[in-house]
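Q: I would like to learn how to read a protein model. Could we go through it one feature at a time?

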Amino acid sequence: MPKVVSAEELKAFVSAVFQAFGVPEKDALMLSDSLVTAELWGHSSHGMLRLPWYIARLRHGAMAPEDVSFIATDSGSLVVIDGNHSMGQVMAMKAIDMGMARARQHGISAVAVRNSNHFGTAAYFTRQVAESGFIALLATNASAAMAPWGGSQKLIGTNPWSIAAPAGKRGVVVMDIANTAVARGKIYLAAERNEAIPDSWAADVHGVPTTLASEAVHGLLLPMAGHKGYAIAFMMDILAGVLTGSQFGKGVAGPYDATQKSGCGHLLITIDIAGMMANDEFNVRINELIDQVKAIPTAKGVAEIFFPGEIEDRHAAENVKNGIAIADNTWQSLVRLSEEAAVVLPTPIQSVAQ
């Protein structure tokens with residue numbers, strides 16, 4: 001039966017676990033915030049489910065607990081960071097700090113990261129850039145998950161990307177998508193919860209669409225929008241993998257592989273709005289667009305139209321108030337980590353029916 005815990009207790013627990021495995025306190029606090037934030041947004045596929053995977057990679061040496069990155073090239077508005085197999089979230093945070101600083105100088109910047117690791121949900125980082133008055137595009141590549149369009153073997157990753165922009169009184173507008181029908185983490189989450197999946201999400205190892213998450217884990221993810229999803233994922237592999245000098249295609253290892261270095265790459269493009277128009281003018285214009293969207297009559301059976309990122313904001317407000325529900329299988333993995341790291345588990349507020 002799922003356990004409900006407070007966000008703050010969960011953050012403290014996750015931070016303590018990371019520190020037990022050699023992650024510096026500052027980085028551990030940011031890592032825990034990123035994972036718990038995903039839970040608050042309602043994206044459990046990128047939350048506590050992934051903590052045991054990260055710890056296993058730290059334990060086996062596939063990922064460095066400390067920041068051991070270095071600057072490979074720097075031409076002002078263009079920077080390449082070699083992560084040297086540091087943690088992905090730490091590298092993404094370094095990229096956004098550098099990206100904003102260089103965009104202030106040059107109007108626009110591009111920061112590439114090579115030899116990094118899975119960084120969780122991309123929106124966690126693009127939102128922070130948008131909250132600082134910039135527009136951000138962040139792309140990453142991932143381990144093979146889908147077949148090239150018309151193929152029968154997986155080669156291309158989900159290769160997610162996020163775009164975020166400030167929206168004045170409405171906070172931020174943010175998009176964060178994988179180029180497959182769903183992120184692979186949602187398949188793992190369904191398997192954790194023993195839930196069926198739509199047959200449009202994935203295929204088994206023989207390429208046959210399946211509703212069994214346990215089969216889909218070992219099979220193929222299906223692209224979103226048919227050939228269009230494949231093409232976008234391919235291009236994101238160029239931006240995040242080929243261009244950054246990192247691994248690409250079948251060369252990238254996933255976060256659930258505890259022994260292989262990931263080699264994934266990221267590309268962050270940051271635009272300083274103030275270099276194009278006054279921030280106040282931009283806020284008026286983007287809110288006019290949102291107003292137009294919200295004013296459209298709803299289709300039958302639809303209560304409200306949302307702009308990108310609005311649903312996550314509402315989920316976060318509810319989950320901060322009511323607590324975060326952790327699936328039973330995921331909770332048991334946290335129990336094991338608490339014992340191994342000698343860290344006290346969060347106290348459940350309640351147990352809820354699945």
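Q: With which side chain does the side chain of Glu-310 make a polar contact?
A: A polar contact is a pair of N or O atoms within 3.5 Å; within protein, one must be able to donate a hydrogen and the other to accept it, and residues adjacent in sequence count only if both atoms are side-chain atoms. Here the partner of Glu-310 is the side chain of Arg-314, at 3.1 Å. This is a predicted model, in which local features need pLDDT of at least 70 and side-chain atom pairs count only at pLDDT 80 or more, while totals for chains, interfaces and linings use all residues. Residues are numbered from 1 along each chain as its sequence is written, and side-chain values use heavy atoms, with hydrogens and water left out.

Q: Where does Glu-310 lie, and is Glu-310 buried or exposed?
A: Helices (H or I, at least four residues) and strands (E, at least two) are DSSP runs, numbered from the N terminus. Glu-310 belongs to helix H10, residues 310-322. Buried means under 20% relative accessible area, exposed over 50%, and partly exposed in between (1.4 Å probe, protein chains only). Glu-310 counts as buried because its relative accessibility is 9%.

Q: Which residues is Glu-310 in contact with, leaving aside its neighbours within four places in sequence?
A: Contact means heavy atoms within 4.5 Å. With those neighbours left aside, Glu-310 is in contact with Lys-294, Glu-304 and Ile-305.

Q: How do I read the packing of two helices, such as H3 and H11?
A: The axes of H3 (residues 51-60) and H11 (residues 328-341) come within 10 Å, crossing at roughly 35°. H3 contributes Leu-51, Pro-52, Ile-55 and Arg-59 to the contact, and H11 contributes Ser-333, Leu-334, Leu-337 and Glu-340. By class, there are five nonpolar, one polar and two charged residues. In this scheme Ala, Val, Leu, Ile, Met, Phe, Trp, Tyr, Cys and Pro count as nonpolar, Asp, Glu, Lys and Arg as charged, and the others, Gly among them, as polar.

Q: Which residues touch the most other members of the largest nonpolar core?
A: A nonpolar core is a set of buried Ala, Val, Leu, Ile, Met, Phe, Trp, Tyr and Cys residues joined through side-chain atoms within 4.5 Å. The largest has 59 residues, and Phe-18 and Leu-51 touch the most other members. Helix H4 (residues 88-106) gives the most to this core, with nine residues. A second, separate core has 14 residues, including Leu-49 and Ile-187. Beyond its neighbours within four places in sequence, Phe-18 has contacts that include Leu-51, Tyr-54 and Met-87.

Q: How do strands S2 and S3 run, and how many bridges join them?
A: Strands of a sheet pair through backbone hydrogen bonds, either parallel or antiparallel. Two strands pair if DSSP finds at least two bridges between them. S2 (residues 70-74) and S3 (residues 78-82) run antiparallel and are joined by four bridges.

Q: In what order do the strands of the open sheet lie?
A: The order of the three strands is S9-S8-S10, with antiparallel pairing. S9 (209-210) and S10 are the edge strands, each pairing on one side only. S8 (residues 202-203) pairs with S10 over two bridges, and Ala-202 has Leu-221 as its bridge partner in S10.

Q: What is the phi of Asn-84, and what is that of Ala-225?
A: Most residues other than glycine have a negative phi, and most peptide bonds are trans. Asn-84 has a positive phi, near 55°, and lies in the loop between S3 and H4. Ala-225 also has a positive phi near 55°; its loop runs between strand S10 (220-221) and helix H8 (227-242). Asn-84 counts as partly exposed because its relative accessibility is 36%, whereas Ala-225 is exposed, at 54%.

How values were computed
Axes are lines fitted to C-alpha atoms, for helices over the stretch in contact, and angles run from 0 to 180 degrees between N-to-C directions.
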